[in-house]
Amino acid sequence: MIKKAKDFFEKINTEGNVYLFYSDDVCEAAVEFLEDNGGCRDIAGILTMRDEWNKLLEYGIPVIKLDDAGINKQSPVLITSRFHQDDIRQALLQQGFENIEQIEENFALYLLKKLKNKRRGESTEFLITKMRNQLLHFVPRPYMEYLIFNILDHCNLNCKGCDHFACIADPYIVPYETVHNDVKRMAEIFHHDYIAQIAVMGGEPLLHPELLQILQDVRENFPYAIIRLTTNGLFLLKQSDEFWKVCRDYRITIVNTKYPINLDYERMKSKCSDENVRFVFFEGTGDDTVKTSTKKTISLAGTEDPVKRFAECNISNYGNFVMEGKFFGCPFCSQSYRIFNKKFNQHLRLTEKDYLDIYKVNDMQEIFEFAARPKPYCRYCGDLVRWGEWEQSKRDISEWV
C-alpha cells in the first residue's frame, strides 16, 4: 500500500517500468505529481479499461488497453484510483499480473488536492471568492433557504459514517403531537412563509407511522415552500395508494439518495411519474452518480476553533434543524450530542448557546441572527474526509474520529 510520497517515489524509481492503472482522476494527479518532481521516465505506460483517456496523451506516456497483447505482465502495476480497487485488482490478476500495489485513500486525496491547487493556482480571484463565501455565513438571511424537521432517529440502511448518526441510533420516533406542535410554532414565527425548502427526514422518514399526517401539517402550515421527503427509497415502492395521494395533493417532492445497492431506481422514477409526484435525486447523486462514503470527523477534546470551523463549514447558515422544540444550526450538533455520546460513552457538551427554544423565540429575526453565529459546539467539528465507495457501517467509533 502506497501511503506517502516517499513510498510512491521509491516504487517508481526502484522497480522501474511501472504501469499505472487509470480509472479516475487520481491517475492524472499522480502523473502531474511525478512531472513536477523529476518526470515520468520510469512509467512504462498507463493501463485502462475505459475509453475516456485522451486527456492522458499530453504527458507523452503510452496509454494501453488492459487486454492489449503487448503488455509486459512481469512489470509492477500501481492502482492509481480511489474507487473499485478490489475489482481492479481482480481484473489485473485475471490478466496475469502479480506485482500489484495500490495507493492508500489519504495519499490519493493528497495527490488530488495538489492537482487542484496547481490548476487553481490559489489565484487572487479564487481567494477573494472563497473569503466572500465564508463571510456570507456570518450574514443573517432575510429568508431561510432550507429547514429540516427531524421526525425520527433510526434508519433501515446502515450507512458508514452517517452524519445524522442514524446507523448507531436506538429506534426512536418523535411523537406526532410533538412534530405537529413544532411545525405549527415555526409557521407562527415565520408567518407561514419565508422558508424556501423544508425537508422531512430522519433517519428514514418512511418508518414514521404518522408520516402522512406530518406531510399534510407541513404543507398546510407552509403553503409556499418546496416540501421534500428525503428517503433512501428502500420502502418507497411499498407505499399505499393513500401515500401517493397525499404526496400528489399536498405537492410533496420525493428526494431519493441513490445508493450502490440493488434498488430499481428507474421503477421509482416511473412510479412517481405515474402518480404525478415530483421525484429528484439528492444533491451529489443522480442517474450516473451514486452515494459515496464520507467521514465527518469529531474532535473529542473540543479543541477546534469554532469561528474558523463555522466559516469553513459547507452548511453553516443553511443546514437548519428542528427537533422536539429546539432549533439547531445543523444536524451534527443535535445528533452527535444525543446519539454519538450515548453509543460510545462520550461527553460532547451541549450548552444553551447551541440551540434556541422555539417556544421562547420572539420572531424570525432572532432565528436568522442565531443561524449566522458560530456556536460553542462547533469546536467539536473536524474535517470532512471522503472515503470512497459507499459501505455499510460497522458501528465503530473510528467512523467518526
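Reply: Let us begin with a pair of helices. Two packed helices are described by the angle between their axes and the distance between the axes. In this predicted model, where local features need pLDDT of at least 70, side-chain atom pairs count only at pLDDT 80 or more, and totals for chains, interfaces and linings use all residues, helix α1 (residues 5–15) packs with helix α2 (residues 25–36) at about 80°, the axes being 12 Å apart. Residues are numbered from 1 along each chain as its sequence is written, and side-chain values use heavy atoms, with hydrogens and water left out. Axes are lines fitted to C-alpha atoms, for helices over the stretch in contact, and angles run from 0 to 180 degrees between N-to-C directions. Helices (H or I, at least four residues) and strands (E, at least two) are DSSP runs, numbered from the N terminus.

Me: How is the angle between α1 and α2 to be classed?

Reply: Angles under 35 degrees count as roughly parallel, over 145 as roughly antiparallel, 65 to 115 as roughly perpendicular and the rest as oblique. α1 is therefore roughly perpendicular to α2.

Me: Which residues of α1 and α2 meet?

Reply: A5, F8, F9 and I12 of α1 meet A30, F33 and L34 of α2, contact meaning heavy atoms within 4.5 Å. Seven residues of this contact are nonpolar, with no polar and no charged ones. For these classes, Ala, Val, Leu, Ile, Met, Phe, Trp, Tyr, Cys and Pro count as nonpolar, Asp, Glu, Lys and Arg as charged, and the others, Gly among them, as polar.

Me: At what angle do the axes of α6 and α7 cross?

Reply: The axes of α6 and helix α7 (residues 211–221) cross at roughly 10° and come within 9 Å, which means that α6 is roughly parallel to α7. Here Y176, V179, H180, V183, K184 and A187 in α6 meet Q213, I214, D217, V218 and N221 in α7. The contact of α6 with α7 comprises six nonpolar, three polar and two charged residues.

Me: What is the order of the strands in the eight-stranded open sheet?

Reply: The order is β10-β9-β8-β7-β6-β12-β13-β14, with mixed pairing; two strands pair if DSSP finds at least two bridges between them. The edges are β10 (279–281) and β14 (355–357), each with a single partner strand, so one side of each lacks a neighbour in the sheet. From one strand to the next, the twist averages 25°.

Me: How many bridges join β6 to β7, and what packs on the sheet?

Reply: Six bridges pair strand β6 (residues 144–150) with strand β7 (residues 195–201) in the parallel sense, and Y146 stands opposite Q197 in β7. Helix α6 (residues 176–189) packs on the sheet, where it touches β6, β12 (320–323) and β13 (326–328), and its direction makes about 160° with that of β6. Helix α9 (residues 265–274) also packs on the sheet, touching β9 (252–256) and β10, with a direction about 145° from that of β10.

Me: How does β8 pair with β7, and how many of the residues of β8 are buried?

Reply: β7 and β8 run parallel and are joined by four bridges, with I227 in β8 as the bridge partner of I198. Strand β8 (residues 226–231) is mostly covered, five of its six residues being buried. Buried means under 20% relative accessible area, exposed over 50%, partly exposed in between (1.4 Å probe, protein chains only).

Me: Why do the buried residues of a helix line one face?

Reply: An α-helix has 3.6 residues a turn, so residues three or four places apart point the same way. In helix α12 (residues 364–371), M364, I367, F368, F370 and A371 are buried. Seen down the axis of α12, these fall within an arc of 165°, so they line one face of the helix; the arc is that of the directions from the helix axis to the C-beta atoms. They pack against β6, α6, α10 (306–312), β12, β13 and β14.

Me: Which residues of α3 are buried, and which are exposed?

Reply: Helix α3 (residues 85–94) has Q85, I88, A91 and L92 buried. Their arc, seen down the axis of α3, is within 120°, so these residues line one face of the helix. D86, D87 and Q94 are exposed on the other side of α3. Just after α3, G96 takes a positive phi of about 100°.
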